[in-house]
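The sequence and the structure come first.

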Amino acid sequence: MYTYEDLHVLQSQSLKMQGWIRKQTFSPELEKTLRRFSSWEVSELIFQVNQSTFRGRLAADPSLPAGEVEEDGRQRWFSLEEINELRRRMKINRKTLLPRRPAGKRAIRAAIANFKGGAGKSTVALHFAHAAALDGYRVLCVDFDPQATLSHSMGLSDVSEDHTVWGIMARDLIRETDRMNAMPSGAASGASVPQRRLPASVRDMGLEELRVSDFIQNTSWPTIDLIPSCANAAFVEFASAQYRHLNPDWSFFAAVARYLDAIPDDSYDMIIFDCPPAIGYQSMNAVFAADVLYIPSGPGYWEYDSTTSFIGQLSEALEDLNAGFRDVAFPAGNHGRPKAFLDVRFLLTRFEPGNDLHRAMYDAFGKVFGERLAEHPIELTRAVEQSGRFLSSVYEIDYRNMTRETWRRARATFDRAYGEFRDNLIAAWDDMEDKA
Ligand SMILES: Nc1ncnc2c1ncn2[C@@H]1O[C@H](COP(=O)(O)OP(=O)(O)OP(=O)(O)O)[C@@H](O)[C@H]1O
Ligand SMILES: [Mg+2]
């Protein structure tokens, strides 16, 4: 017979082994680093200017970053920092290379969500984050999924659960409970607010001491930061249910939105959420904090079915929230109003243009969802398969390591989907209310 205690013993043995394996396999060379980008990539793919124009401009101004030349090569290779400096200092045909960002607004937040597993959420989140960074934006990613695919892809594998979305939620419970307890009872509403006590097990974690920046980690991309996840954060679903009992007035689903509201408006441009394949406390936090919802889906019948059921379940969950928390202090500009997205889009992934079924499904999605279906699906490509220790995006892979045509096609499909994503975000951003 095996009880929870036996399982616990097995787990501690396993953890010891895990730590040992990590030590054995870790070496600094295996740390994820970002490659340099060739002048061909910088001019034609990133700045979208003619390569000879670009070279001419560099030659004309020796104070501009010149990149590095490899021993046997002729191309110059630029770091992302250098690319961003060029962006700031160069104009082509009197046009700035800086990306568009509406003035005076906070970063725009997009959740990549679908309760269907394997829909391509993490792949889309990773590629959109990288494409946005190459486009000159400052990006914050939030990994809401205890599978931690995005965190691992971004090179973060040694994360404690306190520093994940889970920590943000527990910290919010403490802060919200203190705030409610401090409210004068019998105030305007005439209702008395019950005093809630949190057990030492919650208080003693010391989470309320953590600052906003403590949850944010650097990645190998200088303009991408990450709030990571880890396997241990899986118990958040279980713990959150208990926490709601401790304070039934706690608007648990708004914890991450409140946290993000505390980040200075100008720290980031885009915030991208990778969601777990399940409805729960973490995914509801993601969806609630999001301005824009992007729903990736594979191009098969079953995926169509589960995407349909995803929007049904999401709609019901949001309706429940509206009913249960009408008077909650919602994040900025959202007091007591139902959660509303500035845009919702469906995005087909793993699409094969030569496959009749896929084309038929694209038409079916288009008939049903109309403009809400992203025009450019993400095509199936061998270029994003796991490469070594880390999952890498096509942007990270050096094109000399594979057939140039395969790399170009893969990059082109993500570029098109990202370009559409960015234009949709900018339109939504323009519609976003300024902070009251
Ligand atoms: N465009 C693509 N071309 C080829 N393979 C892809 C593509 N998109 C995703 N995949 C592969 O499909 C698998 C699932 O993708 P991914 O992890 O992005 O899905 P997910 O929705 O995040 O999954 P989960 O629900 O488990 O979080 C991965 O092995 C990934 O490499
Ligand atoms: Mg995933």
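Buried means under 20% relative accessible area, exposed over 50%, and partly exposed in between, with a 1.4 Å probe and protein chains only. Helices (H or I, at least four residues) and strands (E, at least two) are DSSP runs, numbered from the N terminus. The model is a predicted one, in which local features need pLDDT of at least 70 and side-chain atom pairs count only at pLDDT 80 or more, while totals for chains, interfaces and linings use all residues. Residues are numbered from 1 along each chain as its sequence is written, chains are lettered from A and ligands numbered from 1 in the order in which they are written, and side-chain values use heavy atoms, with hydrogens and water left out.

Helix 5 runs over residues 121–134. Of its 14 residues, 13 are buried, so helix 5 is largely enclosed by the rest of the structure. From first to last C-alpha helix 5 reaches 20 Å, close to the 20 Å expected at 1.5 Å a residue; the expected span is 1.5 Å times one less than the number of residues. Just after helix 5, G136 takes a positive phi of about 100 degrees.

Ligand 1 has 17 residues around it, and G118, A119, K121, S122 and T123 come nearest. A residue is near a molecule if one of its heavy atoms lies within 4 Å of it. The shell divides into five nonpolar, seven polar and five charged residues. In this division Ala, Val, Leu, Ile, Met, Phe, Trp, Tyr, Cys and Pro count as nonpolar, Asp, Glu, Lys and Arg as charged, and the others, Gly among them, as polar.

| Residue | Atom of the residue | Distance to an oxygen atom of ligand 1 |
|---|---|---|
| G120 | backbone N or O | 2.9 Å |
| K121 | polar side-chain atom | 2.8 Å |
| T123 | side-chain N or O | 2.5 Å |

On its own, ligand 1 has 630 Å² of accessible area, and the protein covers 79% of it. These areas come from the Shrake-Rupley method with a 1.4 Å probe.

**Helix 13**

Helix 13 (residues 356–369) has 14 residues and a span of 20 Å between its first and last C-alpha, close to the expected 20 Å. H358, M361, F365 and F369 of helix 13 are buried. These residues cover an arc of only 60 degrees around the axis, which puts them on the same side of helix 13; the arc is that of the directions from the helix axis to the C-beta atoms. On the face turned away from the buried side, helix 13 carries the exposed residues D356 and K367.

In the loop between strand 12 (343–348) and helix 13 lies R350. Its phi is near 50 degrees, a positive value in a residue other than glycine. R350 counts as partly exposed, at 33% relative accessibility.

**Other single residues**

N93, not a glycine, also has a positive phi, of about 50 degrees. N93 sits in the loop between strand 4 (91–92) and strand 5 (95–96), and at 71% relative accessibility it counts as exposed.

Y243 belongs to helix 9 (residues 236–246) and counts as buried at 8% relative accessibility. The C-alpha atoms of Y243 and E70 are separated by 56 Å, with the two residues 173 apart along the chain.

Key: Polar contact = N/O pair within 3.5 Å; in protein donor to acceptor, adjacent residues only side chain to side chain.
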